[in-house]
Structures are given as C-alpha cells and as structure tokens.
2 protein chains.
Amino acid sequence: MAETAPPTSPGAPATPAKPTIKRVRMRDVADQANVSVATVSMVLNNSGRISPATHRRVKHAIEKTGYRPNRMAQGLSGQYTRVLGILLPPLRHALADAYFGEIISGICDKADKLGYTVQLEQAKPGFIKHRKHLELFERRCLDGILAVGVSDRHHFLADFQDRSYPLIVVNNRFDHWKLDHVVSDYRGGAEQAMNYLTQLGHRRIGLITAAPEVRTTREIVNAYRDKLAALGFRVDETWMADGRFTEEGGAEAARALMQHHPEMTAVFAGNDKMAVGAIYALTQRGVCVPADVSIVGCDDIQPGAFITPSLTTIHTPLYEVGAVACERLIERVMGKVAAVAETLPTHLVFRDSTALPRELAGQGQG
Amino acid sequence: MAETAPPTSPGAPATPAKPTIKRVRMRDVADQANVSVATVSMVLNNSGRISPATHRRVKHAIEKTGYRPNRMAQGLSGQYTRVLGILLPPLRHALADAYFGEIISGICDKADKLGYTVQLEQAKPGFIKHRKHLELFERRCLDGILAVGVSDRHHFLADFQDRSYPLIVVNNRFDHWKLDHVVSDYRGGAEQAMNYLTQLGHRRIGLITAAPEVRTTREIVNAYRDKLAALGFRVDETWMADGRFTEEGGAEAARALMQHHPEMTAVFAGNDKMAVGAIYALTQRGVCVPADVSIVGCDDIQPGAFITPSLTTIHTPLYEVGAVACERLIERVMGKVAAVAETLPTHLVFRDSTALPRELAGQGQG
DNA sequence: GTGGCGAGGTAAATTGTTTTATCAATCCGC
DNA sequence: GCGGATTGATAAAACAATTTACCTCGCCAC
C-alpha cells in the first residue's frame with residue numbers, strides 16, 4: 001500500500017502535476033544548522049544574542065542551501081514592506097516626460113541604495129474617490145509615498161496632514177496643507193532669470209506659464225511680476241500665456257504673445273518643454289532666436305542643450321530632489337518625526353537662446 | 001536601575017505607546033456577518049458555493065467595516081503577488097530617457113487596467129553576480145519580469161530560457177536565447193527610411209549607430225547595408241559611426257562622418273537622440289539641414305517634433321509594445337504556455353529634416 | 001425508514017517569517 | 001557548594017489570508 005506517492009484513495013492516479021517549485025524555507029536552514037528558526041531569524045537580522053560559533057554555522061547553512069527570505073512572509077510578520085510608492089499624476093505618457101524621469105531616477109537610485117524597492121502608482125480618476133491613496137497603506141502594499149506632480153487640486157493630500165502615513169511631496173509645496181516636502185528653489189531661479197534678462201536690457205518680456213494650481217508655478221509668476229514692478233512696469237495679463245507645460249502649448253503661447261506684442265524682446269517660460277515649443281514656433285514664423293527674441297526656460301532637462309539655439313535655462317536639481325525626498329521618506333518610515341521642508345538651490349545655465357535685445361544689439365557689437 | 005526603559009515588573013504603566021493602528025481583518029468581517037473567514041474569502045474571490053443571501057450579508061459586512069484584504073497575507077497564502085517588475089539597464093538617469101519612458105508608460109497603463117502593480121528594478125553591476133534576477137522570484141517579490149533595454153551582453157537572460165519564471169523581453173529579441181519577446185519592426189522601418197532617402201536621390205548616406213550587441217540595432221545596420229549594396233554601393237566602416245545612443249554621441253558621430261566624407265548628403269541615425277545631436281552638430285558647423293544634409297531618426301520620441309528642422313523619423317510604437325508585452329506577461333503568469341514572439345509595425349513620419357540631395361535641389365525647384 | 005446525494009458552510013491546515021516569553025546552562029562571588 | 005545574574009537558544013504565538021477536507025442539513029427515491 002505504501003507506494004511512492006501519498007495517495008488517500010488507493011485507485012487515485014498520481015497528483016495532477018503540482019508545478020510549485022519546492023522553495024528552501026528558514027526551517028530547512030535551521031535543520032541544516034541544528035538550530036531553531038528563531039535563531040536563524042536572529043542571525044539574519046543581527047538581533048538577539050547569538051554566539052559567534054552559532055552565527056557561523058547558520059551563515060554556512062544559508063550559503064549551502066541558497067536560502068532567501070520570503071518577502072511576503074517578512075511583510076506579513078514584520079512591520080515594514082520595504083516598498084515605496086511613487087504617486088504620479090494621470091497624464092497621458094507621464095513617464096515619457098524627462099521632468100518626471102529625472103525625479104524618478106533620483107528616487108530609484110537612492111531607494112536601491114537603501115534597500116528599498118519602488119512601485120509606480122498613477123492617480124487615475126476615481127483613485128481618490130475610492131480612497132486608493134489610503135488603501136495602499138491599509139492593505140500594506142507599501143511603507144510610504146512620494147507624491148510627484150501634485151497640485152492644489154489634489155484634495156486627497158489633506159488626508160496626510162496628520163502624518164499618520166508617511167508621504168513626502170516632491171518638488172512642490174502647499175500653502176493650505178501642512179505636508180512634508182522637498183522642493184527646488186523656483187523663486188530664486190526665476191529671480192536670477194529675470195535679473196539676467198533685465199541686465200541684458202530687456203524690458204518687454206513675455207511669460208509662458210501653466211497650471212496656477214501649482215505653487216512653484218506661482219512663485220515663477222511672482223518673481224516675474226515683482227521684478228518688472230520694481231523696474232516700474234505694470235504687467236497685465238496680455239503679457240502672460242498658458243503653455244500647458246507642453247511643447248505644443250508653448251508654441252501656441254509664443255504665437256499668441258507675439259500677436260499681442262510684436263515689440264516683445266524676450267520670453268520667460270515656466271519649463272523647458274514650453275520653451276522648446278516657443279523657439280520652434282518663433283523660428284517657424286521667421287522670428288530669430290535670440291537675435292529678435294531671447295528665450296529662457298526652466299528645469300534644464302536634457303533635450304534643451306541640443307536644440308538650436310541651445311536653451312538658456314534655470315537648472316533645477318530634479319535628480320537630487322528625488323533622491324533627498326526618498327531619503328527623508330525612509331527616515332520618516334523608520335520613525336523620525338521631524339517635519340521635512342527642504343529647498344534645494346537652483347542656478348541659471350547660460351546658453352545660446354539669450355542675447356541683447358534687438359534695439360541694443362548694434363551697441364553690443366560696436 | 002529600572003528607569004524609563006520598558007519594564008517587566010508588575011507595576012508597569014500602560015504599554016509604552018504601540019502606535020500600530022488596529023486594522024480590520026477578515027476575522028472581523030466574518031464575525032460581523034456571522035459566518036466563517038472561509039466564507040468571506042470565498043465571497044471575495046467568487047469561488048466556492050455561496051448562497052446569494054450569505055453573499056449579500058458578507059458584502060454588507062465588508063462595506064460596513066471598511067475591510068481591505070492584506071496584500072502581504074494574500075501573497076504569502078496565495079500563489080501570486082500581482083506585482084510585475086520592469087528590469088532596466090543601469091544607465092545613469094535611465095528613466096529620464098523618453099525611449100524608456102514611453103515603454104514604461106505603456107506597461108504601467110496596461111498593468112493598472114489588469115489589476116497589477118509595477119515595480120522598478122535596475123540591473124546594477126553585481127545584480128547578475130548575486131543572482132538578483134532569480135532572487136526576485138525566489139523571494140516572491142513579483143510574478144513576472146519585463147526586460148527593457150537589455151542586450152546580448154546580459155547573459156543572465158539565459159536563465160529564463162527554460163521558462164520556469166515568466167519574463168518577456170520588451171522591444172528587442174535574441175538570436176542565441178529562446179526568449180519571449182514583443183518588438184517593433186526595426187528592419188521594416190529602416191527599409192522604409194532607406195527607400196525614402198534613395199528615392200529622393202541620396203546615395204552618399206552615413207549611418208550613426210550604437211551598441212551592436214543589440215539585435216534591433218543590427219537590423220538597422222543590415223537594412224542600411226543591404227539597400228546600398230542593392231544599388232551597387234560598397235559601404236565601408238568609414239560611413240558608419242558610433243553615437244552611443246546619446247545626443248552628445250550623435251553630435252560627435254556626425255562631426256566624424258563629415259570629416260571623412262564632406263560629400264555626404266544624408267545621415268540615418270539609429271535613434272532620435274543621436275539624430276538630434278547630429279542636427280545640432282551640423283547646424284553648429286554651418287551645415288544646413290536639410291538643404292546640405294538630410295537626417296532621418298528612429299523611434300519618434302516627443303522632442304523630435306519640436307526642434308528646427310523638425311525630425312523625419314521612423315515611428316516605433318513604444319507605448320503599444322510596452323502594453324502588449326505587459327498583457328502577454330500576465331497571460332504567461334496565469335499559466336498560458338504558448339511562446340510569445342510579436343512584431344509590431346513601424347512607419348516613417350515625414351517632417352522637415354529631409355529633402356532632395358543638394359546636387360538635385362535645383363531640379364527639384366525648377 | 002433509510003441510503004444517497006448535493007448544496008452550503010465551517011474547522012483546520014498551510015504559507016514563512018518575526019518576536020516574546022521561557023528555559024537551560026554557565027559563571028561569579030561568597 | 002549554592003543562590004542570583006548572565007548568556008545562548010528555543011518553543012510557541014502572532015501575522016492574515018487561502019484552501020481542503022469534512023460536516024450537516026434537506027430532499028428525494030425506494
């Protein structure tokens with residue numbers, strides 16, 4: 001009766017192919033080393049009081065068996081999942097944008113270094129309605145969230161004010177909600193850009209902006225307004241156009257500004273994609289950049305350096321912002337309570353899309 | 001001696017702040033609905049034979065308690081993690097590249113639609129040496145892997161030939177290893193590009209390429225060679241330059257080609273970034289694109305449309321390739337055994353970086 | 001009246017860790 | 001040589017699900 005298979009009914013055929021590979025468990029290591037599973041666990045986590053001899057024995061058994069701890073079991077038993085989530089806006093092809101890409105690269109590299117894995121989450125419509133942002137924690141999918149590309153419109157962020165769940169806002173900040181954040185100094189960068197343009201002699205400067213529900217966008221607008229006001233110019237809405245953060249939008253905005261103000265000699269764009277679109281649109285219309293109109297972008301993403309003319313822009317440390325945010329998030333997960341509010345410096349990168357205004361160009365040459 | 005530290009003595013005060021929030025478990029739902037946990041589990045998974053009445057009662061209890069199943073417990077107990085991994089090459093700022101971004105966007109959107117989450121993995125040096133690629137499965141971190149940006153050099157891929165673990169190669173394929181893959185038709189696209197250039201009258205065509213260890217790259221080179229050979233031209237190495245897939249590399253390659261062959265009238269670049277770099281370098285040197293030299297790129301990533309001149313390029317359906325690969329991977333995870341080998345069509349996108357060769361330009365106008 | 005069967009549900013085993021309370025052995029001072 | 005620390009390791013209890021084998025009805029046929 002006792003054959004090779006473990007049958008309950010004598011006439012039953014062999015078990016119908018259970019392809020589950022027999023994994024090596026902590027139990028197996030413990031047997032191999034003649035210790036208990038608790039000891040193995042303690043060796044792996046360097047906790048408890050294990051003698052050097054036992055430590056070696058266990059290590060050896062782990063080596064020999066090729067044991068790897070099961071993540072799901074660790075997550076269930078322990079307190080942490082060692083997974084972080086990156087929350088992205090529901091933009092079509094969001095990841096194809098170099099802006100997000102740089103930030104995410106920074107996050108991933110740092111997370112990897114600190115032993116965390118990174119999960120991508122898109123805040124699709126219905127995401128908030130179904131409390132998905134809390135569900136991620138309630139279901140123990142992850143330990144913390146990095147919110148990228150969020151704006152004042154994302155009311156669900158209010159749920160994180162009490163700091164019950166770790167969340168850090170990346171490259172933005174909020175007036176109404178008290179949230180941990182790591183951000184680039186957009187105000188400072190925009191001031192540098194405006195100083196530079198005005199020092200060159202520009203006064204009739206247009207602004208291409210987008211999404212006023214984003215605080216950093218407003219900082220750029222304010223820097224622009226304040227600088228011109230300080231010089232005694234009153235800026236009205238006709239000097240500003242919405243570029244929707246895209247190349248197409250930037251192109252349209254540039255055309256609109258030129259329409260209203262043919263006398264314009266410079267354009268300041270709220271990001272590089274809009275600046276690239278603006279250069280494209282102006283060049284198409286026979287307006288020469290920078291001879292006729294200077295252009296300054298913002299963010300310093302890769303493609304900006306390889307268009308003609310190459311783009312003068314504000315360098316924002318997107319990679320570093322991501323990395324720092326990730327590091328701070330992990331600290332918070334691990335119990336650090338201090339609020340996070342860091343601002344990383346920006347600086348102007350001088351390239352070929354800016355020059356003296358056309359009325360001063362002769363003097364510059366002579 | 002026993003000061004503020006956690007005391008064992010009977011007179012101990014309340015437990016020293018255990019901040020773990022009491023989560024609602026399946027047990028709680030079961031109690032609420034006066035059924036067993038098994039019944040709740042079956043209701044949630046639509047398995048077993050549950051009467052409509054009980055089904056309703058359980059659903060109601062779930063609603064009332066706000067229960068959410070614990071992912072870690074599901075993963076431990078069940079067969080799947082419902083997590084997919086995207087394996088990326090260890091390039092600096094890999095994600096900031098629109099090429100990877102498009103593919104990943106496609107993957108994420110599809111994964112989301114099918115109820116999966118996506119995890120990012122970078123194949124850092126040491127990754128293979130430490131068997132990390134297998135560890136991901138052994139540790140039950142994920143159900144399957146999508147390999148993006150891999151090449152013949154990634155020997156660890158051989159471990160997936162036996163199909164013991166689900167892996168799909170995205171936008172590349174292999175000669176030596178039998179691996180599931182979903183890929184763009186680079187050969188067909190390159191043929192279209194070469195046909196177009198030669199029909200315009202170009203014969204002295206340079207090639208900017210990169211990474212011969214990537215099969216799709218070789219397909220482009222072959223299409224280039226074959227077309228010129230068919231026209232009776234023998235191409236030697238001096239007509240080809242390595243552009244390292246980057247803008248800088250493309251710029252250097254273009255300069256080198258012009259140095260060797262001032263008579264060159266067209267350049268075919270293996271991706272858009274190198275094409276953008278080539279346009280930049282040529283324009284810098286006073287070579288006019290497309291009047292003096294035509295340029296064709298490959299991949300059709302966003303920025304190519306907004307440079308001057310806008311880039312003629314081969315459109316590869318990166319987003320769709322990612323989405324299809326993701327769908328196939330999930331099918332494989334779910335037990336489908338058929339090999340995956342899909343090729344998605346490509347097509348030429350005509351823009352402004354191509355024109356008649358300069359010796360024919362007069363005729364074209366006349 | 002009882003034997004068989006199917007529908008509906010449950011108890012209990014399983015999954016692989018971490019962690020806590022407990023236990024056995026050793027050491028030290030007196 | 002014996003009580004009290006100290007050290008090193010263990011057994012067992014969580015953790016929260018899935019899954020299987022079994023149980024109890026009710027019903028129908030004979």
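User: Let's begin with burial: what percentage of the 366 residues in chain A are buried?

Analyst: A residue is buried if 20 or more other C-beta atoms lie within 10 Å of its own, exposed if 12 or fewer, and partly exposed in between, with C-beta atoms placed from the backbone. By that count, buried residues make up 47% of chain A. Some ground rules: this is a predicted model, where local features need pLDDT of at least 70 and side-chain atom pairs pLDDT 80 or more, while totals for chains, interfaces and linings use all residues. Residues are numbered from 1 along each chain as its sequence is written, with chains lettered from A and ligands numbered from 1 in the order written.

User: Which residues of H7(A) are buried?

Analyst: In an α-helix there are 3.6 residues a turn, so residues three or four places apart point the same way. In H7(A), the buried ones include A:Tyr186, A:Gly189, A:Ala190, A:Ala193 and A:Leu197. After H7(A) comes A:Gly201, with a positive phi near 115 degrees.

User: Which residues are closest to DNA strand D?

Analyst: "Near" means a C-beta atom, placed from the backbone, within 6 Å. Of the 28 residues around DNA strand D, the closest are A:Ala38, A:Thr54, B:Ala38, B:Ser41 and B:Ser77. Helices H2 (37-45) and H4 (71-77) of both chain A and chain B each give two or more residues to that surface, and H2(B) has the largest share, six residues.

User: How many residues does each chain bring to the contact between chain A and chain B?

Analyst: Contact here means C-beta atoms, placed from the backbone, within 7 Å. Each of chain A and chain B gives 44 residues. On the chain A side, H5(A) gives the most, seven residues.

User: In what sense do E2(A) and E2(B) pair?

Analyst: Strands pair if DSSP finds at least two bridges between them. E2(A) and E2(B) run antiparallel over three bridges, and A:Gln119 sits opposite B:Gln119.

Notes
Helix = DSSP H or I, 4+ residues; strand = E, 2+ residues; numbered from the N terminus. Contact = placed C-beta atoms within 7 Å.
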